[in-house]
Amino acid sequence: MKTLLDQIGRIFADLDNQAITDLPNKCKEWQKKAKDYVANNDNKYGLSFEFADKTWGRYCRSRLDHYIADENQTLLKKHEVRNKKIADKLMKNNINTINVATANIIWGTDFETKFTVDNCIVTLKVIFAGGHNIQKGHYRTLCNVKTNF
């Protein structure tokens, strides 16, 4: 399993490194938007200042370097979970090692990515789930492995 996780990590290394490199600028942008949202809310969105401050205030009050460090840890955890999910699916299809040199990522649209590994196509889809009733809206990553394509 460790070898497979390392191999999957190498497939996504460039993409993951780019996401980490881009993170400080995105955090600056997100923090500015959060501050503007809280400062200019005035029930414009049907929310009280207290609610806006409670939901977005932590981004405003946090020092930027602390905020970036928190988001960096969150991003690294997401990468780890994604890699584990892919490894589990591959192992379920009796694939215990992959040739990283032949893995080919095919970028799709609408949060869909495919890549080929040996005789398999691995499809990743990011969907938005929840957001109604009592469940909080969140992103979910779906992984599918199709063999002998």
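**Figure 1. Arg 140 in strand β4.** With a relative accessibility of 38%, Arg 140 counts as partly exposed. In this predicted model, Arg 140 belongs to strand β4, which spans residues 138-147.

**Figure 2. The protein chain with its helices and strands.** The protein chain contains 4 helices and 4 strands. Read from the N terminus, the order of the elements is α-α-α-α-β-β-β-β. Of the 149 residues in the chain, 28% count as buried.

**Figure 3. The packing of helix α1 against helix α4.** Helix α1 comprises residues 2-11 and helix α4 comprises residues 64-92. Their axes lie 9 Å apart, and the two helices pack at an angle of about 125 degrees. Because of this angle, α1 is oblique to α4. The crossing in which α1 passes α4 is right-handed. From α1, the contact is made by Leu 4, Leu 5, Ile 8 and Gly 9. From α4, the residues that take part are Asn 83, Lys 84, Ile 86, Ala 87, Leu 90 and Met 91. Sorted by kind, the residues of this contact are 7 nonpolar, 2 polar and 1 charged.

**Figure 4. Thr 3 in helix α1 and its separation from Asn 96.** Thr 3 has its place in helix α1. Its relative accessibility is 47%, and Thr 3 therefore counts as partly exposed. The C-alpha atom of Thr 3 is separated by 8.2 Å from the C-alpha atom of Asn 96. Along the chain, Thr 3 and Asn 96 are 93 residues apart.

**Figure 5. The crossing of helices α2 and α4.** Helix α2 covers residues 13-39. The axes of α2 and α4 come within 10 Å and cross at roughly 140 degrees. The two helices are therefore oblique to each other. In this crossing, which is right-handed, α2 passes α4. The α2 side of the contact is formed by Asp 16, Ala 19, Ile 20, Leu 23, Pro 24, Cys 27, Lys 28, Trp 30 and Gln 31. The α4 side is formed by Leu 64, Tyr 67, Ile 68, Glu 71, Asn 72, Leu 75, Leu 76, His 79 and Arg 82. The residues of the contact of α2 with α4 divide into 11 nonpolar, 3 polar and 4 charged.

Figure 6. Asp 16 is found in helix α2, whereas His 79 lies in helix α4. Asp 16 has a relative accessible area of 9% and is therefore buried. His 79 has a relative accessible area of 12%, so this residue is buried as well. When residues up to four places away in sequence are not counted, Asp 16 touches His 79 and Arg 82. With its neighbours within four places in sequence left aside, His 79 is in contact with Asp 16 and Ala 19. Asp 16, Ala 19, His 79 and Arg 82 are among the residues that make the contact of α2 with α4.

**Figure 7. Asn 94 in the loop between helix α4 and strand β1.** Asn 94 lies in the loop that runs between α4 and β1, the latter formed by residues 104-107. The phi angle of Asn 94 is positive, at about 60 degrees, although this residue is not a glycine. Is Asn 94 buried or exposed? With a relative accessible area of 67%, Asn 94 is exposed, because exposed means over 50% relative accessible area.

Technical notes: Residues are numbered from 1 along each chain as its sequence is written. This is a predicted model: local features need pLDDT of at least 70, side-chain atom pairs count only at pLDDT 80 or more; totals for chains, interfaces and linings use all residues. Side-chain values use heavy atoms; hydrogens and water are left out. Axes are lines fitted to C-alpha atoms, for helices over the stretch in contact, and angles run from 0 to 180 degrees between N-to-C directions. Angles under 35 degrees count as roughly parallel, over 145 as roughly antiparallel, 65 to 115 as roughly perpendicular and the rest as oblique. A crossing is left-handed if the near helix is turned anticlockwise from the far one by less than a right angle, and right-handed if clockwise. Contact means heavy atoms within 4.5 Å. Ala, Val, Leu, Ile, Met, Phe, Trp, Tyr, Cys and Pro count as nonpolar, Asp, Glu, Lys and Arg as charged, and the others, Gly among them, as polar. Buried means under 20% relative accessible area, exposed over 50%, partly exposed in between (1.4 Å probe, protein chains only).
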